Number of protein chains: 4
Amino acid sequence: MTDLQAIVEEIHASLSPRCGEGKVADYIPQLAHVDPQKFGMAVVTVDGETHLAGDADEAFSIQSISKVFTLTLALGKHGEGIWKRVGREPSGSAFNSIVQLEQEAGIPRNPFINAGAIAITDLVLAGHTPKEAIGEVVRFLRYLADEEDIIVDQAVARSEQATGFRNFALANFMRSFGKLDHAAELVLGVYFHQCALAMSCRQLARAGLFLANSGTNPLTGHRVVSHLRARRINALMLTCGHYDGSGDFAYRVGLPGKSGVGGGILAVAPGKASVAVWSPGLNENGNSLLGSLALEMLATRTGWSVFGA
Amino acid sequence: MTDLQAIVEEIHASLSPRCGEGKVADYIPQLAHVDPQKFGMAVVTVDGETHLAGDADEAFSIQSISKVFTLTLALGKHGEGIWKRVGREPSGSAFNSIVQLEQEAGIPRNPFINAGAIAITDLVLAGHTPKEAIGEVVRFLRYLADEEDIIVDQAVARSEQATGFRNFALANFMRSFGKLDHAAELVLGVYFHQCALAMSCRQLARAGLFLANSGTNPLTGHRVVSHLRARRINALMLTCGHYDGSGDFAYRVGLPGKSGVGGGILAVAPGKASVAVWSPGLNENGNSLLGSLALEMLATRTGWSVFGA
Amino acid sequence: MTDLQAIVEEIHASLSPRCGEGKVADYIPQLAHVDPQKFGMAVVTVDGETHLAGDADEAFSIQSISKVFTLTLALGKHGEGIWKRVGREPSGSAFNSIVQLEQEAGIPRNPFINAGAIAITDLVLAGHTPKEAIGEVVRFLRYLADEEDIIVDQAVARSEQATGFRNFALANFMRSFGKLDHAAELVLGVYFHQCALAMSCRQLARAGLFLANSGTNPLTGHRVVSHLRARRINALMLTCGHYDGSGDFAYRVGLPGKSGVGGGILAVAPGKASVAVWSPGLNENGNSLLGSLALEMLATRTGWSVFGA
Amino acid sequence: MTDLQAIVEEIHASLSPRCGEGKVADYIPQLAHVDPQKFGMAVVTVDGETHLAGDADEAFSIQSISKVFTLTLALGKHGEGIWKRVGREPSGSAFNSIVQLEQEAGIPRNPFINAGAIAITDLVLAGHTPKEAIGEVVRFLRYLADEEDIIVDQAVARSEQATGFRNFALANFMRSFGKLDHAAELVLGVYFHQCALAMSCRQLARAGLFLANSGTNPLTGHRVVSHLRARRINALMLTCGHYDGSGDFAYRVGLPGKSGVGGGILAVAPGKASVAVWSPGLNENGNSLLGSLALEMLATRTGWSVFGA
């Protein structure tokens, strides 16, 4: 057993007694059914080693973590032109706030708040039917993780579709400013499916590994994005990846990361590893409570931080 | 001539023709007198090498860059307890905005917007007269840079005192919420002097070097802060160091940094070097236009980025 | 010819040269086709006299003026209980702002901004199909004006339906807070039809006459609402009837009124008369430019004002 | 005993058991000492009759009610030009909010929120020393009420001066936008004194009587302002006189009014009477709880309302 495996296991063991803390997301009915005791961790290093603990092989709803991957897709399709549709500044407000959208005439602050991610999905949808776009997103995740058994949880997608009034508000609001090319129904059809992707910690860590390795997946050798783009996506994750808790995450963990209300967090230690954690209980900023703590402990024990040795 | 020296000189040479672009800060009358053609760069590596270009030895008003150093002082005095008085999230608004201060009952978003820096200065002032506190700040900078000829530009300090109505508004506003221990006049007396510190690029880069070297100044061997604290200050600089342009700076430059309206920027490449640039013309976010570009070029040519190779 | 007839004609004559000033609403494509030269006035006194000038018999899209009548309907159906769903304070912001809706958790500020009117329409819809509710609104207007030829302009209704993204955003936003009982599509189906009611100045002045006569239409003898309720609806028109121009209208005109982006304004001089004006060019607050001026002149010449002789 | 006297006494008697409800303002220490059981009413008719009940002859701190009188003074001095410095729209936010001041670049929404009243006081101060301006305000009140024993409560004025941080914030904020001609200290010196004017209900009702009588004080025959200006001041009181409770007051009471945190309210029934009530307990909008109820009952029993019979 390597040192890293020991660290992962220790973190899991020391936090396990706190499983159940935090608040499971309930605004999507289907998500509220998740077992709050679940807790998984996966660390995949750029050398190809995999370290797992707990429920690391159980699929969960990745929700907003999908925004990292659709951003990567949109950058591939449209290049830096996407920044006409979305900013890259932290929002200083909640994940689903509509206030800044009004002040800034339909241009969301960044691609990792809901409005921004919807704008990005609108760009991914260009030239496609919603069904094709969903297929493209799923295939992209399978390609990144190099695993075929990644699917959309249709029950979650339907649940989001039926109750996602806030997202319908955001999409229609952007459309009222002429900042959405497709009808709200079409864009959200894709958006709800990307959020409903079900992946395990292991799959997620593998899918994000290219960001830890200068744009190339070391497991497959696929060059996903350039050096520069990998850095830039990491920069966005660091400044904007945790809604209005991004500054705190950077302060405590010191790694680029992206959370989802399903309780997952993907974190990237450049040059070192890709990390995925999952625990459904959320803190007041909507980020996984135990997941954040696990990453803070991992950063402390490994010394991984983008901000210095 | 080392490669790094060549890079610094090339960047300076290639940007010099654009000197005068941007808008010199004029809200403090004394700052408006600065020659817009000034342009200096200094890179001091953790190995102790110094690389200069242009007006690197001319003193300028460091303004908000001082916030990094008073934060360091306040953390030394009060530890993590300071976070009861100030947050650590990006603000999503301008450097002198008062809106969030109302919504959040007198707790500024972070120590690098004006309100937050005033709250930090209030903590530095604890147990001191304003004159003593100013002396402490000046001595701290001299200690960090290991240079004695660092002084406060009294004309600038007086100019700020006479026209700093917005800062008086911010301070009184916090005091109305009981979030300032001292009278606005006293706190701002110190604040205006810290902002009026006059330092050269070389001095500034030396003063910030401990942040690039895990908390210890490699030139003097002084351990200024712990590893962890150095990382955390860097994290705050990255997420909050450039007001509402922090996300963009992280995206383009990829290094922790702090700008001032005097046209200076201090940037930190952890494990590599401390960098200071100065050019008075500002971009629309209030950050040095040429300074930002110089740092972006430096990051590109050296490969320095906290977000990966 | 009575004095009042002379006043109405003089006002019309003196303002007619300015027809075409202001900006015709173009956010609903169908409204943009209106002839900007149109200008009509109708004054119907509580004694039953009618004074007309210009295009007083030409039907136009009453738009937001309909909010007065659906509020009256909702108060009849649900009484003062409606105030659980909507406030009665001026908003201090634009007619279609979504900001306060976020701050106040889906409770619109008052029934005369779009969000509030949609909430009111949701209440009118209770127990009905959209088609029935539309029928009820049309019949209510015919009853009030005692005229049968009041209809919905289906082209305008369709145009609003196709382009009313902002209203879809508002409705979905309220629904996300659980503050709308029916699906956004159903509520807006009714809302767009009520806004598309086509009425002439004469018809509109007659329909509003009950508000000038303590709740009873003096032309028909129908008691529409109680004394108290008539006063209260007038109070809401005065404080909230012109979006973020309500204070200015009260200052200059001094009468309760409600404007619509179709260029109409209904004003009430309690104990005296009901007045309707129509001129499509709007001022910067979205209220009829000439219509506001005509009412100001009328108030000056007649001495009508709720604020004193 | 006239009917009106009976009504006033009945209202006082029926509400007296509730004395002590609401929250006495405590943000100015000196105000917190007031006896919460105090309750006075005064109605002075345009015919010159005076009807009193309870503590109608006891002086209290008129606080923001003074804004009506300084507005009258400023209009007299500068005419309609004052509207370059202050708007006349309801604010949609709390009495001391600074948010809109930022959005609207230092122009307060109306003369009855704190920022707006400070801007008005700045205009009253033009050409005077603070001491002279305070003298002018006091003399104006004595002239209006035709009573000499109206004074400033110096203890209250000092208390406000020592703790009025929010007002210092507002004043400095406006000054930072160049929207205040005098130093914050000077303007607030006057402002705190005008707020500290001590007047009884009887005095206050007399002082406001010109607003009920088309600009002329019927007791003295002094023409204070023109017909038109009296109406306009009434209009401002109706739309903006009760901070973010103005709409509710118009709905329930239906008369122009202005409240103060000292627990007083001045209300105007045009053509009928001037009314002053005082009870220190405040409701959630910062307006006198019992005072509002007393005025609502008075309006109901007398039928006084600007919105119809």
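How many aromatic pairs does a search of the whole structure find over all chains? The search finds 24. Rings of Phe, Tyr and Trp (its six-membered ring) pair if their centres lie within 6.5 Å, and planes under 30 degrees apart count as stacked, over 60 as edge-to-face and the rest as tilted.

This is a predicted model, in which local features need pLDDT of at least 70 and side-chain atom pairs count only at pLDDT 80 or more, whereas totals for chains, interfaces and linings use all residues. Residues are numbered from 1 along each chain as its sequence is written, chains are lettered from A and ligands numbered from 1 in the order in which they are written, and side-chain values use heavy atoms, with hydrogens and water left out.

**Stop 1: aromatic pairs**

Select Phe140(A) and Tyr143(A). They form a stacked aromatic pair, 6.2 Å centre to centre with 25 degrees between the planes. Being three residues apart in helix α5 (residues 130–145) of chain A, the two are separated by about one helical turn. Helices (H or I, at least four residues) and strands (E, at least two) are DSSP runs, numbered from the N terminus. Phe140(A) is buried, with a relative accessible area of 13%, while Tyr143(A) counts as partly exposed at 34%. Here buried means under 20% relative accessible area, exposed over 50%, and partly exposed in between (1.4 Å probe, protein chains only).

Next select Phe168(B) and Phe192(B). The ring centres of Phe168(B) and Phe192(B) are 6.0 Å apart and their planes stand at 55 degrees, so the pair is tilted. Phe168(B) belongs to helix α7 (residues 165–176) of chain B and Phe192(B) to helix α8 (residues 184–195) of chain B, so the pair ties together parts that are 24 residues apart in sequence. Both Phe168(B) and Phe192(B) are buried. In chain A, select Phe168(A), Tyr191(A) and Phe192(A), which ring pairs link into a cluster.

**Stop 2: where chain B meets chain A**

Display chains A and B together. The contact (heavy atoms within 4.5 Å) takes 38 residues from chain B and 37 residues from chain A. The two chains bury about 3,000 Å² between them, 52% of it on carbon and sulfur atoms. Buried area is the accessible area (1.4 Å probe) that two parts lose on being put together, summed over both. On the chain B side, select Arg231(B), Tyr251(B) and Phe307(B): these lose the most area to chain A, together 29% of what that side buries.

Between chain B and chain A there are 20 residue pairs in polar contact (both at pLDDT 80 or more). A polar contact is a pair of N or O atoms within 3.5 Å; within protein, one must be able to donate a hydrogen and the other to accept it, and residues adjacent in sequence count only if both atoms are side-chain atoms. Colour α11 (227–240), α12 (246–252) and α13 (289–302) of chain B, each of which supplies at least two residues of the side that touches chain A. Of the side of chain B that touches chain A, α11(B) gives the most, with eight residues. By class, that side has 15 nonpolar, 13 polar and 10 charged residues. Ala, Val, Leu, Ile, Met, Phe, Trp, Tyr, Cys and Pro count as nonpolar, Asp, Glu, Lys and Arg as charged, and the others, Gly among them, as polar.

**Stop 3: salt bridges between the chains**

Four salt bridges are counted between chain B and chain A. A salt bridge is a side-chain nitrogen of Lys or Arg within 4 Å of a carboxyl oxygen of Asp or Glu. Select Asp244(B) and Arg109(A), whose side chains meet in one at 2.7 Å, N to O. Then select Arg109(B) and Asp244(A), whose salt bridge is at 2.7 Å, N to O. This pair crosses from the loop between α3 (99–103) and α4 (114–124) of chain B, which holds Arg109(B), to the loop between α11 (227–240) and α12 (246–252) of chain A, which holds Asp244(A). Arg109(B) counts as buried at 7% relative accessibility, and Asp244(A) counts as buried at 17%.

**Stop 4: salt bridges within chains**

Over all chains, the count comes to 70 salt bridges. Select Glu136(B) and Lys77(B), which form a salt bridge with the closest N and O atoms 3.6 Å apart. The pair links distant parts of the chain, 59 residues apart: Glu136(B) in helix α5 (residues 130–145) and Lys77(B) in helix α2 (residues 66–78) of chain B. Glu136(B) counts as buried at 19% relative accessibility, whereas Lys77(B) is partly exposed at 35%.
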